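The briefing after it is arranged by topic.

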Amino acid sequence: MHNGMHEYAFFLGCIAPNRYPGCEAAAIKTSRNVGIELLPLKGASCCPAPGAFGAVDLSVWYAMAARNIILAEEMGKDIALICNGCYKSIYEVNERLKEHDDLRDQVNEVLAEVDMEFKGTIDVYHLAELYYDPKICGVEKIRESVVRPLDGTKIAVHYGCHLLKPIKERRFTDAENPMWIEELVDALGAESVQYRNKMQCCGAGGGVRGFDLAHSLDITNEKLINVTEAGADAITEVCPFCQLQYDRGQIEIKEKFGIEWNIPVLHYNELLGLAQGMSPQELALDLHGIDCKPFLDKIL
Amino acid sequence: MAEEKKQPRIGVFVCHCGTNIAGSLDVKAVQDYARTLPGVIVADEYQYMCSTPGQKKIDDAIKEHDLTGIVVAACSPRLHEPTFRTATKEGGLNPFRFEMANIREQNSWVHMHDYEGATDKAKDAVRIAVAKAALLEDLYPKSVPVEHAAMVVGAGVGGIQAALDLASAGIKTYLIEKTPTIGGRMSQLDKTFPTLDCSQCILTPKMVDVGRHPNIELHTYTEVEAVEGYIGNFDITLRKKARGVMTPTEATAKGIVGGGCNGCGDCDAVCPVIKPNPFEFGMKPRKAIYIYHPQVVPLIYTIDFDSCVKCGLCVEACGEKKAIDLNMEDSFETVKVGTVILATGYDMFPIEKKREWGYKQFDNVITSLEFERLICASGPTGGHLIRPSDGATPKKVAFVLCAGSRDNTGVGKPYCSRFCCMYSLKHAHQITEKIPGCQAYIFYMDIRSFGKMYEEFYYRIQDEGTKFIRGRVANILEDAKTKNLHVYAEDTLLGQPVDMVVDMVVLAAAVEPTQNIDPVRKMFGVSCSQDGWMLEAHPKLNPCGTTTAGVFLAGVCQGPKDIPDTVAQAEGAASAASIPIHMGKVELEPYFAQCIEEKCAGCGMCTNLCPYSALDLVEKNGRTVMQVTEAKCKGCGTCGGFCPGGAIYMQHFTTPQIVAQIDAFLLGGEQ
Amino acid sequence: MAEGEWQPKILAIICNWCSYAGADLAGSARTQYPPDVRAIRVMCTGRVDPLFIMKAFADGADGVLVSGCHFGDCHYIAGNFKCAKRMFLMKSVLKDLGIEDNRLRMTFVSASEGAKWAKVIEDVVKTVTDLGPSPLNQLQQ
């Protein structure tokens, strides 16, 4: 804590700063309003993407993730991040290197070449879990920070995969039917809606989007069917990759399969930003593939 | 205890056990080594010492060499100690002058790649055994009388069968059941595979026989409170829970002529309290005064005092029979029996713990036992299978096999529950037969149709049109509007994912030991195996017995099994349990404690240590010394391990013998 | 055994109903483990007199293992509890005598835990090997 604010090294990842910079801006500004200060983490690279890198070469995955963690260790701050994929890489590697001496030694041997050493001195958190944790922020504080309630909107929550699973390597205990992000959404004045395949993957991760786009879109389409059936005005998630898959995905689905969906997709931080009074311009919502206007009309 | 001190003359016999021992260590070297040990007169070896020629070697050697003790280096004494004791006896020696060196289970089988190490260890084991054998002495088993009565705990089909067999053999049998009626799980079933007999129809005659048999004393709504004693002489205290309703016998004993419950049900009609009926898994109501179903044995009502509001309307309705006593309390009775059979059955694993399948989350996901009640003509819907959500008749039903069984995630059970494949085939048949146009889908890993006529039953179900999908169900999700269910699985034979929409799902949930059975089994000294079921004495050679003499197991409490196997095991247990009773006496191994009175200071500490209260302080020749009641002493040695004065002599495990073994190991050996 | 290469001498005293049966089960399953342990059978670990432990170390044992039933499962109700109390006492006596107290170990292996027995042996052999010969043996030399 510093000046009453909980400070964290902000690990940006790739997709948010490159494709949805509004997520980055929202995260920093909205967190400040609930007592969390996100400090820049200089020199951070791609986490690296767990599907694209981890599935191909584990040693590269460990080394690159460790390097990112070390930058935060040098700052003496825990890491906060806003992406499920980054969470898998950074959180899991951090825990595994702390626990397994031989693995840590191997990684440190590689990092020695750039004069870096993993010490295991910090912890890693997803910003959403920090929002939910009453010791850091809590649902009430979120509710109190709202100046423009998202009344009248129905929002479908997509948890994603790497946030909660594998259960044995996560702090969360429920991957079958968690409800805590719904609580965070309801705190904004919106109404979270349940839909049938809530826990299904968006289709992007694990290298699937990169390797077989059509297949990944088929999975996304399944989700869009059920979300629409539940009457949602928008989808929210806590992962820019899921966001990309839903957002660009709807355009690709129209191109490839001729099916038209027009469901706005917003990262939770973007929703929180809107609820805290940030403008659509500040949130760079015009960079979204799917037009957010129908959603914005309901709240502005 | 005091004997003429004869120089020990030990015979050592090393067994090859085929290649089981000879393949991993040098039997000849062990034999040669044995010859060099002090006290060893003859050392021999043979392929199979437990065979007739092998045992004859012992017999001959004793006579030829005037031996005082025998050592056999072979398998575990837990296996063949009795065999070789008999051989020793036939050679003319007291059978307790025999010691075994375990060079198989604890040597050759576990050191298969260290010939030298295993051989050295075997030599040490023989040296240790010889040291003890040199100090063994004549001992005589103690005979105790056996009470001509038995107890069966649990009155499902297993307990019922065991009780009937014991009673027919002329043995007074106490049959104890914790619920208000006998019949157990079998009376909850509709039909039984593979014959498709009506379950209650084939069980009811046995239930009636139990109720009528002059040798069976039936105690329902009763639990075992405490157990004391030992084989032949168990003192068991029963807690007869307060039923609130008197049987005719009980009423007569209280002077009410022509009174007692006759099952008329007038009380049921007026009782204002409605509760779920556990026999129907809550799908049918019952009153606070109730019977589970019309065929209960005994046909006596029971009051659930936790729900009863003591309004007294039932007392009024009962009228002249005066069968109801709202102030009844639990009572206790202690009975003496010779042997006991545990037949406590099973419960279903709480399958809601496997959240991916939606049980207790989605209305139309039910368990197999709930299905049995729904499809049963005497069940809550009169035998019409309906969807809980809307009462509609389903057209597509999915059966999920291995639900919670064969599960290594730590949530379910790792074992196979054995009878679910067969009853799911039966269920599929039943809906195909009863509901025209209804399609059954069985999602399976394997179909285990192992028994007599079981495979043929499987062919039949396949021919009738049930569809089989080989793949574990990964997830079940509900369509919020229709309450239909999406069953997600992989069809592994086609290599394709499946998303099947069905009206209803039946989970073939795993079975587990009856809840809260651990205190009961511990009272009888029965252990449990790794999977939680009660531990048999030997899985192949003694599946009905336990390591506690006089206590036997029957039915699913020992491990999942179907009705034929339960009845078979019950008959086996009854036979085994009747042997000590018919023989009238049983021999206890003479491992008793003895007090060396010259050394005893009379401190009395040992009397507190004995778990069986077998030790007392008595006055003898003006001194206070300890005395052992041999019938109560089980030879555990806890007193002997403690006595600071060395005044306790543990027969066959004496301090000199054990110290000799320790010294032999550590001080003897090739210098 | 190579000349001069020290192999630990470890005595095990195990109860008939649980640990001995568990050890037999390891045998039936052909679970392999090091051969450094020699076992003596007693009916119950309650039989184990502290004298036996002392004698074993005095005779030159490098390690002693006592193994019985799990608490609550003793064939004779509570013999294992009483043994456990004695073992705690013996450990402090050994420490006072300058013998590392982890040379004495009590474990609980049930009749169905063959695999666990093998692990126990491996662990005990490793512990004692790492500690080296008993101080009493070194004194004699």
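This is a predicted model: local features need pLDDT of at least 70, side-chain atom pairs count only at pLDDT 80 or more; totals for chains, interfaces and linings use all residues.

Residues are numbered from 1 along each chain as its sequence is written, chains are lettered from A and ligands numbered from 1 in the order in which they are written, and side-chain values use heavy atoms, with hydrogens and water left out.

**Which chains touch**

- Two pairs of chains are in contact (heavy atoms within 4.5 Å), and of these pairs chains B and C share the most contacts.
- Chain A and chain C are joined by no contact, and their closest C-alpha atoms lie 20 Å apart.

**The interface of chain A and chain B**

- Here six residues of chain A are in contact with nine residues of chain B.
- The buried area (the accessible area, with a 1.4 Å probe, that two parts lose on being put together, summed over both) is about 700 Å² between chain A and chain B, and carbon and sulfur atoms give 39% of that area.
- On the side of chain A, Glu176(A), Arg196(A) and Glu229(A) lose the most area to chain B, together 70% of what that side buries.
- One salt bridge (a side-chain nitrogen of Lys or Arg within 4 Å of a carboxyl oxygen of Asp or Glu) is counted between chain A and chain B.
- A salt bridge links Asp174(A) with Arg355(B), whose closest N and O atoms are 2.8 Å apart.

**Two helices of chain A**

- Helices here are DSSP runs (H or I, at least four residues), and strands are runs of E (at least two), both numbered from the N terminus.
- In chain A, helix H5 (residues 84–99) packs against helix H6 (residues 101–111) at an angle of about 110°, and their axes are 5 Å apart.
- H5(A) is therefore roughly perpendicular to H6(A), a description used for angles of 65 to 115 degrees.
- Arg96(A), Leu97(A), Lys98(A) and Glu99(A) of H5(A) make this contact with Asp101(A), Leu103(A), Arg104(A) and Val107(A) of H6(A).

**Salt bridges in the whole structure**

- Over all chains, a search of the whole structure finds 63 salt bridges.
- In one salt bridge, the side chains of Arg96(A) and Glu169(A) meet at 2.9 Å, N to O.
- Because Arg96(A) lies in helix H5 of chain A and Glu169(A) in the loop between strand E5 (154–158) and helix H9 (180–186) of chain A, the pair ties together parts that are 73 residues apart in sequence.

How values were computed
Axes are lines fitted to C-alpha atoms, for helices over the stretch in contact, and angles run from 0 to 180 degrees between N-to-C directions. Angles under 35 degrees count as roughly parallel, over 145 as roughly antiparallel, 65 to 115 as roughly perpendicular and the rest as oblique.
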